[in-house]
Amino acid sequence: MKEVKKPQFTTYMANADNAKDLLYLKHELGIDSEILTYAADKNELSHLEYDRVDKTLLLIYNVLDVSKQDYYYQTVPITFFVFDDNLITIYKDKSAYIIKQMETILEKNGSISLYKFLFTVLYLISKNYFPTVDHLNVERNRLNNLLRERTSKKELLQLSDLETGLVYIVSASKQNVLLIEQLKSHLLYLDLDDAEEEQLDDALIEARQLVEMAQLSAQVLAQLEGTYNNVLNNELNDTMKILTLLSILLTIPSIVTGFFGINVPLPSFLTQSPLGWLMVIGISAILWFVMAFILKLMMKYNRK
């Protein structure tokens with residue numbers, strides 16, 4: 001548990017993965033158990049609750065998990081609860097890097113107001129996504145170059161992981177934009193001063209830019225993956241076409257030699273001549289080349 005007192009407010013930073021921090025919030029600060037349940041839920045979606053009577057604000061925002069779990073990036077919720085002149089931040093181990101940034105802001109801004117500080121944090125959370133999205137774009141280009149040389153399962157799986165990570169980022173960033181837009185529609189917005197409104201607008205602009213950038217990256221990645229799927233399908237079709245042609249051509253010698261295994265009279269020059277087997281091979285070869293020529297003409301006709 002970290003506590004920082006400023007002239008205009010006091011902020012508490014509690015780790016949701018630490019039971020002692022949650023107990024302190026419940027017993028010492030009187031935080032409702034429902035709020036703590038929201039904060040402890042790793043799957044909690046971004047949402048906003050504002051009590052006009054008590055003037056309390058509960059805000060759950062999506063933060064990027066930079067540890068890259070399960071081969072792709074995911075997001076985790078962070079909870080902000082405002083009551084009186086107090087700001088409680090409930091984070092998780094995977095989002096602990098945000099706390100260091102918050103402490104830096106408090107050190108550099110001695111007279112910052114509570115809501116300007118909160119909106120600055122929202123701005124920084126969105127900003128933290130951009131290096132990761134840029135990294136995903138670089139990784140996408142690298143995989144694209146490798147796949148152009150040789151299409152392999154390993155690179156395709158890595159491409160799928162990139163797409164999965166972008167799905168999480170796009171979904172989280174959209175939720176964050178909706179949350180800030182809802183915040184601007186509440187009565188709380190009317191009580192903000194000019195500096196706080198400006199900072200909230202900056203947070204909304206940054207969140208929207210993140211959505212646009214993440215969506216563009218996801219669209220390019222989806223198109224790229226679809227292209228390679230088409231390439232693989234075409235290669236499979238070509239392989240099946242070759243195998244089909246070979247199977248047709250290989251049946252010709254079997255058909256010709258099969259006549260010698262049935263009880264039907266055959267010409268004597270084939271059955272009694274010591275060179276009969278050469279004649280059989282010659283007949284098979286002639287029919288083989290004739291059929292190959294016919295199939296070649298058919299393939300050229302289908303390509304037109």
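Helix axes here are lines fitted to C-alpha atoms, for helices over the stretch in contact, and angles run from 0 to 180 degrees between N-to-C directions. This is a predicted model, in which local features need pLDDT of at least 70, side-chain atom pairs count only at pLDDT 80 or more, and totals for chains, interfaces and linings use all residues. Residues are numbered from 1 along each chain as its sequence is written, and side-chain values use heavy atoms, with hydrogens and water left out.

**View 1. Helices α4 and α5 lie at an angle of about 10°.**
Helix α4 covers residues 114-127, and its axis is 5 Å from that of α5. Helices (H or I, at least four residues) and strands (E, at least two) are DSSP runs, numbered from the N terminus. The two helices are therefore roughly parallel to each other (angles under 35 degrees count as roughly parallel, over 145 as roughly antiparallel, 65 to 115 as roughly perpendicular and the rest as oblique). Look for Ile125, Ser126 and Lys127 of α4, which meet Tyr129, Phe130 and Pro131 of α5; contact means heavy atoms within 4.5 Å. By class, this contact of α4 with α5 has four nonpolar, one polar and one charged residues. Ala, Val, Leu, Ile, Met, Phe, Trp, Tyr, Cys and Pro count as nonpolar, Asp, Glu, Lys and Arg as charged, and the others, Gly among them, as polar.

**View 2. Helix α5 packs with α6 at an angle of about 155°.**
Here α5 (residues 129-149) and α6 (residues 153-185) have their axes 10 Å apart. That makes α5 roughly antiparallel to α6. Their crossing is left-handed, meaning that the near helix is turned anticlockwise from the far one by less than a right angle (clockwise would be right-handed). Among the residues that meet are Leu136, Leu143 and Leu147 in α5 and Leu159, Leu166 and Ile169 in α6. The contact of α5 with α6 has twelve nonpolar, three polar and four charged residues.

**View 3. Helix α4 also crosses α7, at roughly 15°.**
The axes of α4 and α7 (residues 194-258) come within 8 Å. α4 and α7 are therefore roughly parallel to each other, and α4 passes α7 in a left-handed crossing. Residues making the contact include Phe119, Leu122 and Tyr123 of α4, together with Leu200, Ala203 and Leu210 of α7. By class, the contact of α4 with α7 has nine nonpolar, three polar and five charged residues.

**View 4. Lysine 55 and aspartate 84 each have a positive phi.**
Most residues other than glycine have a negative phi, and most peptide bonds are trans. Lysine 55, with phi near 55°, is found in the loop between β3 (47-51) and β4 (56-65). Aspartate 84 has a phi of about 55° and lies in the loop between β5 (74-83) and β6 (86-91).

**View 5. Residues 274-295 are 91% helix and 0% strand.**
The end C-alpha atoms of this stretch are 34 Å apart. An unreviewed UniProt entry lists residues 242-262 and 274-295 as "transmembrane region". UniProt positions are given in the numbering used here, feature names are shortened, and annotations may be inferred rather than shown by experiment.
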